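Look at the structure below before reading on.

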Amino acid sequence: MRGNSVLLIIGGGIAAYKSLELVRRLKERGISSRAILTAAGSQFVTPLSVSALTGEKVFEDLFSLTDEAEMGHIQLSRSADLVVVAPATADLMAKLAHGHANDLASTALLATDKRVLMAPAMNVRMWNHPATQRNVKTLKNDGVIFVGPNDGEMACGEFGPGRMAEPDEIADAVERALSEKGGALSGVKALVTAGPTQEPLDPVRFISNHSSGKQGYAIARALAEAGAETTLVSGPVELVPPARVKLLKVQSAREMLAACESVLPVDVAVFTAAVADWRPEIAANSKIKKTDETSSRALNLIHNPDILATISRGKKRPQLVIGFAAETDDVIAHAKAKLVKKGCDWIVANDVSPHTGVMGGDRNTVHLITAKAVESWPELDKREVGTRLAERVAQTLHGQAA
Ligand code: C5P
């Protein structure tokens with residue numbers, strides 16, 4: 001950890017005194033700190049004590065000419081390897097969740113290109129308030145890392161979650177975040193497809209399926225968190241795109257193929273999308289009228305391009321191509337056949353029978369099928385499936401056995 005530095009934002013809360021201890025604990029681990037003290041924070045600890053511990057000037061004011069002459073606020077936000085907010089008050093969290101930038105701390109949080117780690121501290125009702133919980137969810141989706149809060153008795157006399165994590169716990173989380181900084185996949189380019197496609201019948205109707213996009217979004221997030229430069233080509237879904245992922249939204253299979261091809265070359269491609277196998281032969285330019293109530297209407301469907309097979313066999317084939325197989329019976333046998341048919345390196349196979357709740361759900365049970373082996377993973381959260389897959393991708397691209 002030697003040589004790493006954090007930008008520590010000290011918010012206003014009784015836990016601010018623990019942040020002084022945090023600075024010492026980080027120093028013991030070879031991590032230096034530079035601090036921003038909010039106006040509220042300075043009601044609890046003095047700039048002098050923070051400065052004495054960090055051995056650096058403390059930054060307090062967005063509009064200080066002296067500070068800006070020494071180091072502009074944008075530069076300050078990027079000067080460290082990690083931004084740590086401790087204590088992270090409900091207000092600081094709300095500001096970042098909503099993109100406010102009206103003081104030095106919130107501006108630095110918005111301007112930084114580094115990861116942000118928050119150690120919340122507040123009254124238990126404030127923590128449990130739906131507004132705070134909404135903000136936590138938004139921030140997590142944006143890639144913010146959280147440590148704590150812990151349960152316990154609070155300075156205000158109430159009991160429950162809201163106590164800031166202890167300095168050693170925060171220092172551990174800082175070390176973990178810093179060790180991920182380089183990322184097992186840094187320098188790697190990744191492409192992920194996700195969600196369903198919609199195949200237009202006319203301007204108001206389409207053929208589609210129930211894919212939620214959750215698994216593909218989780219994979220894109222995990223690849224990006226491991227440091228890969230990740231593009232996510234997504235069909236129509238209602239999900240918030242993960243942080244640091246380039247999102248290309250498409251509607252039909254043909255648009256998805258074109259978007260994927262525009263992203264090549266990449267090192268690894270994961271085809272999670274539930275691409276519609278067929279599309280209406282003719283997509284009418286105006287709404288198809290109902291003629292009479294009794295007659296039936298034929299719909300002629302033609303095959304869509306197979307994106308996975310096209311890219312697996314194309315000139316710009318990525319080094320590692322991973323397909324998905326959503327099956328309802330004989331999952332492994334069908335998936336093995338698919339590996340050969342599509343020309344990809346791995347297939348991630350899952351049982352999507354309605355009783356499994358995989359389609360649209362948060363959990364998944366998958367088998368990883370390579371040319372050599374079948375690995376069955378336990379039932380996992382879709383995010384965990386993403387993380388494990390990203391780890392396997394990193395091992396393989398770095399030359400370890402698949
Ligand atoms: O043939 P099947 O649809 O079961 O194959 C599933 C795999 O192929 C998935 O990885 C899916 O993203 C991909 N696929 C595709 N283009 C299609 C159909 C499937 O990329 N038209």
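In the hairpin of β6 and β7, five residues lie between the strands, and Gly157 takes a positive phi near 95 degrees. This is a predicted model, in which local features need pLDDT of at least 70, side-chain atom pairs count only at pLDDT 80 or more, and totals for chains, interfaces and linings use all residues. Residues are numbered from 1 along each chain as its sequence is written.

**The hairpin**
- Strands (E, at least two residues) and helices (H or I, at least four) are DSSP runs, numbered from the N terminus.
- Strand β6 (residues 150–153) and strand β7 (residues 159–163) run antiparallel and are joined by four bridges; two strands pair if DSSP finds at least two bridges between them.
- Asn150 has Arg163 of β7 opposite.

**Leu232**
- Leu232 belongs to strand β11 (residues 229–234).
- Leu232 is buried because 30 other C-beta atoms lie within 10 Å (buried means 20 or more, exposed 12 or fewer, partly exposed in between, with C-beta atoms placed from the backbone).
- Ala220 is twelve residues from Leu232 in sequence, and their C-alpha atoms are 6.4 Å apart.

**Around the ligand**
- The shell around the ligand has 14 residues, of which Phe271, Val275, Ile307, Leu308 and Gly323 come nearest (a residue is near a molecule if its C-beta atom, placed from the backbone, lies within 6 Å of it).
- β16 gives the most, with three residues.
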